[in-house]
Each structure stands twice: as structure tokens, then as C-alpha cells.
Amino acid sequence: MDKIILHVDMDAFFASVEQLDNPHLKGKPVIVGGVSERGVVSTCSYEARKFGVKSAMPVFMAQRLCPKGYFVRVRYHRYKEISNKIFAIFREVTQLVEPLSIDEAYLDVTNSRFTSGMEAAIYIKNRVFKEIGLTLSIGISYNKFLAKLASDWNKPNGIKVIEKDMIPEILLPLSISKIYGLGKKSVQRLNNMGIYIIEDLYPLNKEFFLEYLGKNGLDIYERIRGIDNRIVEVNRDRKSYGRETTLKFDTHEIEELEPYIQGFCKELTVTLIRQNIYIKTITIKYKTIAFENHTRSRTLNTYTNNYEIIYKTAMDILQEEELENYIRLIGVTLSSIREENVQQLTLF
Ligand code: TTP
Ligand code: MG
């Protein structure tokens, strides 16, 4: 089955936060940056983009292009605070969130509760708008390269799906500068050979790519054909992976809890396997209807990412609990993480 990857990117992020916090700036050209004349523009609202103002432009130039603009100072802490809230929503949608920057992430929703990428995207957009008051753009496809391309398609406040049967039509007319992994120098070199759009690259064979683009060459050859096998990598600094839920009906019957444990262990092991991560400690967490929290852990002798072992251990822990009170919430957390690096794996 193809993966479902989302690329999510906030619209005019710093400027939108300024408009959110200062409603009189709504609908106005807002330019966020260093306030001194020597400063540069971090970003600007879409109203200011009409005047030609852009990220990284010197502020004095922005002042010339847009003299009636509202120039405001960067408030990084505030943007980070909002970013954390947005990422918390992403992580409720899927465990597989790869942050790319303060306002941008890849989400792998293949095994999430959503039946389609579109459904997940609409859910995210609605929640971010309702709870935070900001808009974002989402690209949906079966790999990272195409998802990222798609999120740029209808900015701001857009959703765009790129399906398999839209390749190569969608890729052919694109500028080669849109190819992920192709640096500015390579673009320039190809331009010098008369190659400007992806269509110009199609007739060329693999040897050309290897010769002119070096070790990246084969990746680029595949990418322009819609192939990109990079996985969505969650933050490697994480200490644990967990899933929990409030039960539909309070219970103290192991049989009724088992399907939840099973589901969590399945989801979590899929994540472990994808990320090449092994764990040693399994924790069961539950909350009774009296709101007492309980956690019970077991540490194995060896690291594992095996579903059967993790599931069986989780059930053993649960079976040893004396569940007198009814339970309202149950969860499984996996910790004591070890990453297997790819080189090691290929050696074996
Ligand atoms: P971007 O997502 O590149 O830009 P954006 O969110 O402002 O606008 P868009 O709707 O096109 O996505 O960057 C996110 C934030 O990072 C941006 O709001 C400000 C900051 N930033 C800089 O400080 N300097 C820069 O050169 C760029 C590109 C971004
Ligand atoms: Mg953005």
C-alpha cells in the first residue's frame, strides 16, 4: 500500500501571529524583521507580498517597496509557544511527525485513524483554525517530495493532493529549481546546458545524472519520476513512545482492555520498525474512575521492536494488576530507546 504523507506549512507564520495578537494588523501589510534600517525581513503578510516584499530582504528595501507597511519586531518566544501548540495537534493525528522548522512538518498518516489524507488535512486545518486562529497549507501525496511540492501549490490556506496518475504531467513543466536535493549550483550548471524544466531532464539516462550530479544523481533521477523513498523521521531525541485513550465504557475486565492494548502495541511497533528504534521498557498506564493514576513498568533483558514480545509483556503487566476499581483511561508507553543505525543493519 502506498503511504499517505502530508506536508504542513503555516501561512506567513510570524506575520500571522502578529495579526492574531494585534487585531488592528489584520488585513494590513505586516512586515516582521529587525527594526533597524540594517535589519532583514523575516517574513511578511500576504498583503505585503503584493508590494514585492520578501523574506531575507533588507528592511530598508521593504520600506521603499511598501512605505505604508506595518513594521514589527520579531518575537521569537511567542512564535515558539504557538508552534508548540500546533505540533501538539499534529502529534494527536499521528505519532510520525517530522518537524522541518518552527512552522513546517511532514506527517505520515498512513496508519492513522483517518481513511484519507484529505480527511486528515481537513481535520488539522479545522483544529488549528478553531483552537489557534491561524491558517496553514497542506500538501498530500504518497511521498515527501511530492507532498512538499503540493503544499506550495495553493498557498495560503490551501490543500492540494498529488496522486500517482498525475505524474508526470504535474512534474514535466516544473522548474528544476523545485527538485528537492538539487542545489543552486547544480541548477545553474544544468541551466547552462539548456536544461530549465523537468521535461528537459526526462530523456537523459542515469549515467548523465551520476556524472553531472554526483552521488545525489540517482535520487534526482528517481524523484523527477515521482519516486522518493525517504521515510518520515520523528525527532530522534525522544525518550519514549506512547499511546493512550479514554475508554468508551469504564471497565475492569481484562478482556475488554485487551483490544486497546493490542491496538496500541501494533501502532507503536509500526513506528519503532519504521524508525529503526528498539526499546527495552514497557509501561502500562491506567486511570481509575476515581482519577487515580497507576503506572507499572517492566524492563526486558534485550532491546526489541517485536510486536508479539511487546504485546505479551504489556498483557502480563496488566494481568498482574488487581483491578478493583473501574478504569476510564488506558495507555502503553515504550521507553529505554536504542536506535539502530542503518550502516549497522546492512552489515548484519
Ligand atoms: P516560511 O514557512 O518559509 O514562510 P512563512 O510561513 O512566513 O510564509 P509561507 O506562507 O510562504 O509559508 O518560514 C516560516 C517562518 O520562518 C517565517 O514566518 C519567518 C521565519 N523565516 C525567517 O526568519 N527568515 C527567512 O528567510 C525565512 C524564509 C523564514
Ligand atoms: Mg510557512
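Strand β2 (residues 30-33) and β3 run antiparallel and are joined by three bridges. Here strands are DSSP runs of E of at least two residues and helices runs of H or I of at least four, numbered from the N terminus. Please keep in mind that this is a predicted model, where local features need pLDDT of at least 70, side-chain atom pairs count only at pLDDT 80 or more, and totals for chains, interfaces and linings use all residues. Residues are numbered from 1 along each chain as its sequence is written, and side-chain values use heavy atoms, leaving out hydrogens and water.

**The sheet**
- Three strands form an open sheet in the order β3-β2-β4, with mixed pairing; two strands pair if DSSP finds at least two bridges between them.
- At the edges lie β3 (41-44) and β4 (70-73), each pairing on one side only.
- From one strand to the next, the twist averages 25 degrees; angles run from 0 to 180 degrees between N-to-C directions, with axes fitted to C-alpha atoms, for helices over the stretch in contact.
- Val 32 stands opposite Thr 43 in β3.

**Helix α1 on the sheet**
- α1 packs on the sheet and touches β2, β3 and β4, contact meaning heavy atoms within 4.5 Å.
- The direction of α1 makes about 115 degrees with that of β2.

**Helix α1 against helix α4**
- The axes of α1 (residues 13-21) and α4 (residues 76-93) come within 10 Å and cross at roughly 95 degrees.
- α1 is therefore roughly perpendicular to α4, a label for angles of 65 to 115 degrees.
- Among the contacting residues are Phe 13, Phe 14 and Val 17 of α1 and Tyr 76, Tyr 79 and Ile 82 of α4.

Notes
Chains lettered and ligands numbered in written order. Parallel < 35°, antiparallel > 145°, perpendicular 65-115°, else oblique.
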